[in-house]
Amino acid sequence: MSRSALVVIDVQESFRQRPIWAYRSNPDLVERVGRLVDAARDRGDLVVWVLHAEPGSGGVFDPVSGHVRLLDGLEPRDGEPRLTKTVHNAFTTTDLQLLLTTQGIRELVVCGIRTEQCCETTARLGFDLGYQVTFVTEATMTFPTPHRDLPETAGVEEILADPRTLSAEEMTVRTEYALAGRFATIRTVDEVVGAVPADVAG
């Protein structure tokens, strides 16, 4: 049985349909996730694919839009679980925990979109459920985040012009501060795939 599971979260076309995509933090995301997937398969670890859906919303996360699918360049193999969630974390509205339990998995490697949202929330909950969590920040992606008082109708230009907006880089750093030493161990792609030993990296 697999000892570890790579959980690939929301690396989906939905995000690419939004104007803020042009300001994403990690243009190399698909390549980096692909490296993690290849390494997990080589080790015989479980690869779990998670997508986010908002049925009936009429937006880019509504399955009828056709955008609730993996970004080009990523392709599950037969037998690799494909889960669809409707909340931020990958556990609550899926059978992820049952899947992991039945396979005796106690270690998770988390990557995907968005760094501080679905990825961080999954890492936090996974830790609280008793899993050992590795968070591969450089295989996650996020975007500039508007202040809570900015109207939801604000466009990209307004978001970027607002001095209260946190950049994608700031959001990424905050996530690492929140997770490290509490909910997860932060690792690079090279560390996880074994290209660089974790105890000498950095």
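**Notebook: helix H6, the cores and some single residues**

I began with H6, where Ala168, Met171, Thr172, Thr175, Ala178 and Leu179 are buried; buried here means under 20% relative accessible area, exposed over 50% and partly exposed in between, with a 1.4 Å probe and protein chains only. Seen down the axis of H6, these buried residues fall within an arc of 125 degrees, so they line one face of the helix. The arc is that of the directions from the helix axis to the C-beta atoms.

Before going on I noted the conditions: the model is predicted, local features need pLDDT of at least 70, side-chain atom pairs count only at pLDDT 80 or more, and totals for chains, interfaces and linings use all residues. Residues are numbered from 1 along each chain as its sequence is written, and side-chain values use heavy atoms, with hydrogens and water left out.

**H6, continued**

I looked at the other side of H6 and found Arg174 and Tyr177 exposed. I then asked what the buried residues of H6 pack against. They pack against helix H4 (115–128), strand E5 (132–141) and strand E6 (185–186). Contact means heavy atoms within 4.5 Å. Helices (H or I, at least four residues) and strands (E, at least two) are DSSP runs, numbered from the N terminus.

I checked the length of H6 (residues 168–179): at 1.5 Å a residue its 12 residues should span 16 Å, and the end C-alpha atoms are 17 Å apart, which agrees. The expected span is 1.5 Å times one less than the number of residues. After H6 comes Gly181, with a positive phi near 80 degrees.

**H2**

I repeated the length check on H2: 15 residues at 1.5 Å a residue should span 21 Å, and the end C-alpha atoms are 21 Å apart, which agrees. The buried residues of H2 are Leu29, Val33, Gly34, Leu36, Val37, Ala39, Ala40 and Arg41. They pack against E1, E2, E4, E5 and H7. Just after H2, I found Gly44 with a positive phi of about 80 degrees.

**Nonpolar cores**

I define a nonpolar core as a set of buried Ala, Val, Leu, Ile, Met, Phe, Trp, Tyr and Cys residues joined through side-chain atoms within 4.5 Å. In soluble globular proteins, nonpolar side chains tend to be buried together.

Which residues touch the most other members of the largest core? Of its 30 residues, these are Leu6, Val8, Val33 and Leu36. The elements that give two or more residues to this core are strand E1 (4–9), helix H2 (29–43), strand E2 (46–52), strand E4 (107–113), E5 and helix H7 (189–193). H2 gives the largest share, 5 residues.

A second, separate core has 24 residues, including Ala5, Val48, Tyr131 and Phe183.

I listed what Leu6 touches, not counting residues up to four places away in sequence: Leu36, Val37, Ala40, Leu46, Val47, Val48, Val109 and Cys111.

I looked up Thr122 in helix H4. Thr122 is buried, with a relative accessible area of 1%. Leaving aside neighbours within four places in sequence, Thr122 is in contact with Ile9, His88, Asn89, Ala90 and Phe91.

Next was Thr134, in strand E5. At 16% relative accessibility, Thr134 counts as buried. With neighbours within four places in sequence left aside, its contacts are Leu108, Val109, Val110, Thr185, Arg187 and Val192.

Leaving aside neighbours within four places in sequence, Ile186 is in contact with Phe135, Thr137, Glu176, Leu179, Ala180 and Glu191. I also took the distance from Ile186 to Ser57: 34 Å, C-alpha to C-alpha, at 129 residues apart in sequence.

**Whole chain**

I noted 7 helices and 6 strands in the protein chain. From the N terminus on, the elements run β-α-α-β-β-α-β-α-β-α-α-β-α.

With 202 residues, a compact globule would have a radius of gyration near 17 Å, and the protein chain has 17 Å, which agrees. The radius is taken over C-alpha atoms, and the globule rule is 2.2 Å times the number of residues to the power 0.38. The C-alpha atoms fill a box of roughly 50 × 40 × 30 Å along the principal axes.

Buried residues make up 49% of the 202 residues. Of the contacts with a separation of 6 or more, 76% are between residues 24 or more positions apart.
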